[in-house]
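Trainee: Could you take me through one part of this model up close, starting at its surface?

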Amino acid sequence: GVTVFNNILVPLDGSPLAEEALAQAGELARESGGHLFLLRAITTPLAMTAKSTKKTAYCISSMRKPSS
């Protein structure tokens, strides 16, 4: 039988290895009809304020597509 991956999470940090993982994950998603979720890893300052954290959360939530 064929292994089916419904949801695939791919963490990305800008490295060549992460980009290769994205290509492999994309192939798996296509073959199994699954969904690909990308997580971008970034470096943030240690002294983030509560205000900037809320702004970041708002930006992330506004990027989400509404369910169909």
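This is a predicted model: local features need pLDDT of at least 70, side-chain atom pairs count only at pLDDT 80 or more; totals for chains, interfaces and linings use all residues.

Mentor: Leu 9, Phe 37 and Leu 39 form a nonpolar surface patch of about 320 Å². Patch members have over 30% relative accessible area (Shrake-Rupley, 1.4 Å probe, only the protein chains shown as cover).

Numbering runs from 1 along each chain as its sequence is written, and side-chain values use heavy atoms, leaving out hydrogens and water.

Leu 39 sits in strand β2, residues 35-40 (strands are DSSP E runs of at least two, helices H or I runs of at least four, numbered from the N terminus). With 47% relative accessibility, Leu 39 is partly exposed (buried is under 20%, exposed over 50%, partly exposed in between).

β2, along with β1 (7-12), is also part of what covers the buried residues of α1. Those are Ala 18, Ala 25, Gly 26, Ala 29 and Ser 32. They fall within an arc of 145 degrees seen down the axis, so they line one face of α1 (the arc uses directions from the axis to the C-beta atoms). On the face turned away, Pro 16, Leu 17, Arg 30 and Glu 31 are exposed.

Ser 32 is at 16% relative accessible area, hence buried. Beyond four places in sequence, Ser 32 contacts Thr 3, Val 4 and Phe 5 (heavy atoms within 4.5 Å). After α1 comes Gly 33, with a positive phi near 70 degrees.

Notes: Patches are made of residues with over 30% relative accessible area and no salt bridge: like charges are joined within 9 Å, nonpolar side chains (Val, Leu, Ile, Met, Phe, Trp, Tyr) within 5 Å. A salt bridge is a side-chain nitrogen of Lys or Arg within 4 Å of a carboxyl oxygen of Asp or Glu. Buried means under 20% relative accessible area, exposed over 50%, partly exposed in between (1.4 Å probe, protein chains only).
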